[in-house]
Each structure stands twice: as structure tokens, then as C-alpha cells.
Amino acid sequence: MDSLDMPREQLGICAEGNLHAVYLMFNANDGVEAQMRPCLANIAQYIYELADQYADSAFNGFVAIGANYWDALYPDTRPAELRPFPAMESGDRDAPAIEYDLFFHLRCDRLDILHLVANEVYGMLEGLAELDDEERGFRYMDARDLTGFVDGTENPKGRNRQQVALVGEEDPEFRGGSYIHVQKYVHNLRKWQRLPTKKQEDIIGRTKQDNIEYESEDKPLTAHIKRVNLKDEHGESMEILRQSLPFGTVKHQGLMFIATCKTPTHFEKMLHSMVFGDGEGNHDHLMHFTQAVTGSSFFAPSLDFMIHYSE
Ligand code: HEM
């Protein structure tokens with residue numbers, strides 16, 4: 001690894017949005033780490049090559065290792081800040097931790113290709129891991145969440161995506177990797193749709209149809225974007241790169257919230273601010289209309305890290 005100046009990042013971490021996604025969550029069998037390491041490197045390499053083969057359909061993806069599985073898989077080294085999902089609860093606002101050993105994030109503008117690749121990945125893991133959860137994400141209208149609001153507007157753009165999402169010199173062995181948080185949110189859409197549009201807009205902090213941000217003085221302290229727009233002790237914006245998409249069926253639908261970042265701290269602080277608020281009773285009112293049913297913490301290492309440790 002030392003000889004590699006620029007480890008190759010897994011391409012799905014910073015990719016632009018797609019029309020479709022498949023999310024696969026696995027738990028590993030005991031004692032298979034020696035076979036698992038080369039298998040995961042093969043899958044990551046396969047995904048990397050497919051990004052070229054299916055460039056026309058913007059295929060991309062990444063493999064991520066669960067915080068609780070990392071030490072079994074790579075006992076000699078660990079990303080400096082990798083830690084389990086920070087479960088939180090306050091009043092009716094619940095952010096539970098449901099951890100998985102492995103997360104495969106596959107995205108493409110063609111669902112048939114995704115289906116094919118997901119089957120391949122499933123086959124490659126046979127005997128090594130059990131598939132415990134699977135969801136399909138899709139772009140809804142003009143990149144809206146199922147609440148009807150455009151989601152992703154304030155995401156980092158261009159090369160700033162890499163700067164926000166990828167570990168740099170601060171943890172040299174893990175350069176090009178990323179801390180990943182996933183929460184499956186199931187929406188109560190009936191309750192949401194009973195709200196007048198203006199009330200919905202106050203909860204998000206933006207207008208619905210035109211997606212215009214409220215002026216600062218008009219933004220309620222309980223608005224979602226008010227609660228997650230945080231600064232660090234140096235006055236710098238704490239940013240994450242969101243790769244979320246709507247998922248589900250008529251009975252069970254919501255948002256697969258996915259954050260990638262060079263540190264887990266930004267996500268943790270934002271979630272804390274949503275659930276517990278600002279210390280003066282102002283929590284995120286969006287949480288009255290959606291329920292997090294999972295919460296998992298992973299690290300997606302660079303492709304070169306996985307290949308290096310596969311022997
Ligand atoms: C912004 C929806 C959960 C972090 C937004 C926006 C929407 C939205 C509509 C405004 C447009 C945009 O800039 O993307 C949702 C929904 C969620 C959810 C429906 C769950 C059901 C979360 C969580 C976090 C988060 C769990 C982090 C812990 C952010 C951030 C922004 C944002 C950082 C940009 C804020 C800004 O700088 O203006 N979200 N969000 N969101 N959300 Fe969420």
C-alpha cells in the first residue's frame with residue numbers, strides 16, 4: 001500500500017445520482033474470513049470494471065464493511081474513527097442501531113443490469129454470508145423524496161464531493177475510503193399528506209414546488225435543514241455527501257438514507273441535532289412523520305486496500 005500514491009476509491013461513494021439502486025445487507029458466517037477477504041476484493045473489482053462496461057447506464061457501486069465485523073475481517077488494522085452506529089432515542093424520535101456485516105450499494109440507470117449484478121454478488125457470497133435485508137431504490141420524479149420535496153440539493157458538487165466523502169492524509173492507510181451510515185426510514189405518508197403545504201415547507205425549511213430555501217429569519221428552529229446545517233468549532237460547515245433514494249412498495253415506503261463522509265462525526269452530530277434538538281426543545285419535526293427502522297455504520301475502503309489484504 002505504501003507504494004501506491006493514489007489508492008483508487010470505490011466509484012459509488014462519490015457518484016452522481018442514478019435512476020435505480022439495489023441495497024444488499026449481509027451477515028457473515030463465522031470463521032470464513034480467509035475466503036471472505038479475496039471474495040470481497042473480487043466483488044469490488046468486478047463492480048469497478050462494470051462501471052466502465054456499463055458507463056452508458058452510469059453503473060456504479062461500493063462494498064462496505066460493518067463496524068462490528070471489521071476486526072474479524074482485517075484484524076491488523078482499523079480506520080481511526082470507525083465505530084458502531086450511534087443509537088438515539090428521545091420522545092417518539094427513535095434512531096435504532098441495526099448493524100450488518102456487509103453492505104453492497106449498487107446503482108445504475110438500468111434496473112435489469114442491477115438485477116443481474118445483484119444476483120452475481122449473491123452467488124459470489126454463497127457459503128460465506130447470509131443475505132439479511134434487500135431494498136430497491138428509485139429516483140422519484142425530479143429527484144424528490146416521497147414527501148414530495150427535492151432531496152440532495154445542498155449536496156457537495158464537483159470535486160468537493162471527494163473532499164467531503166473520502167479519507168485523506170489524516171489516516172494514510174485508509175486514504176480513498178469513506179465512513180458510511182445507512183438508515184432505512186419508513187414514512188407515514190398519510191399523516192404527512194394531511195398537512196397543508198405551508199406546514200410541510202416549514203418542517204423542511206424549503207418551498208415544495210420550486211425548492212427554494214427559506215430566508216434565515218423565516219426558518220423555524222425545528223426545520224430539518226436548520227437542524228442539520230451545523231458548524232464545527234472553527235466555524236466550518238460540517239458536510240456529508242448524501243446518496244439517499246426513495247425505496248419501497250405501497251404498504252412500506254420511505255427513504256434509504258445513505259451518508260458518505262471522511263469522518264463519522266458529521267453524521268453523528270446531525271442525527272443528534274435531529275433527535276435531541278438544540279438543547280432548547282427544538283428537535284427536527286420531520287421525525288414525527290417518518291420512522292428509522294435500521295441504523296448501520298460501515299467503512300468502504302479503497303479498492304487497493306481490499307486487493308492488498310486479499311492475499
Ligand atoms: C437536506 C429530506 C434525513 C442531512 C434535506 C432536504 C430534504 C431532506 C428534502 C432539502 C434539500 C437538500 O438540500 O437536499 C430528508 C428526509 C430524511 C432526511 C426525507 C429522512 C426521512 C436526514 C438525515 C440527515 C440529513 C438522517 C443527517 C443525519 C441533511 C443535510 C441536508 C439535508 C446535511 C442539507 C442541509 C443544508 O445544508 O441545507 N433533507 N432528510 N437528512 N439533509 Fe435530510
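Hi everyone, let me start with a term: two residues are in contact if their C-beta atoms, placed from the backbone, lie within 7 Å. With that in hand, 77% of the contacts in this protein with a separation of 6 or more are accounted for by residues 24 or more positions apart.

A word on what you are looking at. This is a predicted model, in which local features need pLDDT of at least 70, side-chain atom pairs count only at pLDDT 80 or more, and totals for chains, interfaces and linings use all residues. Residues are numbered from 1 along each chain as its sequence is written.

Now the overall picture. The protein has 9 helices and 12 strands; helices (H or I, at least four residues) and strands (E, at least two) are DSSP runs, numbered from the N terminus. Its radius of gyration is 19 Å, close to the 19 Å from the globule rule for 311 residues, so the protein is as compact as a globular protein of that length. That radius is taken over C-alpha atoms, and the rule is 2.2 Å times the number of residues to the power 0.38. The C-alpha trace spans about 55 × 45 × 35 Å along its principal axes.

How much of the protein is buried? Buried residues make up 42% of the 311. Buried here means that 20 or more other C-beta atoms lie within 10 Å of the residue's own, exposed means 12 or fewer, and partly exposed is in between, with C-beta atoms placed from the backbone.

In soluble globular proteins, nonpolar side chains tend to be buried together. Here the largest nonpolar core has 78 residues, and A64, F103 and I180 have the most contacts inside it. Helix α1 (residues 33–53) gives the largest share of this core, 8 residues. A nonpolar core is a set of buried Ala, Val, Leu, Ile, Met, Phe, Trp, Tyr and Cys residues joined through C-beta atoms within 7 Å. If we leave aside neighbours within four places in sequence, F103 is in contact with M25, A64, I180, V182, S296 and F298.

Next, strand β7. Since 9 of its 10 residues are buried, β7 is largely enclosed by the rest of the structure. Which strands does β7 pair with, where pairing takes at least two DSSP bridges? One is β12 (residues 296–300), antiparallel, through 5 bridges, and there V182 stands opposite S296. Another is β10, also antiparallel, over 8 bridges, with G254 as the bridge partner of V186. There is also β11 (residues 290–292), antiparallel over 3 bridges, where Y185 has A292 as its bridge partner.

Y185 brings us to the ligand. Of the 23 residues around the ligand, F149, T153, E154, Y185 and M270 come nearest. Two or more shell residues come from each of β7 (178–187), α7 (224–228), β10 (253–261) and α8 (265–276). A residue is near a molecule if its C-beta atom, placed from the backbone, lies within 6 Å of it. By class, the shell has 12 nonpolar, 7 polar and 4 charged residues.

Finally, some backbone angles. Most residues other than glycine have a negative phi. M141, however, has a positive phi near 50°, and A143 has one of about 60°. M141 sits in the loop between β6 (129–138) and α4 (160–165), and A143 is in the loop between β6 and α4 too. M141 is exposed, with 10 other C-beta atoms within 10 Å, whereas A143 is partly exposed, with 14.

Conventions
Ala, Val, Leu, Ile, Met, Phe, Trp, Tyr, Cys and Pro count as nonpolar, Asp, Glu, Lys and Arg as charged, and the others, Gly among them, as polar. Two strands pair if DSSP finds at least two bridges between them.
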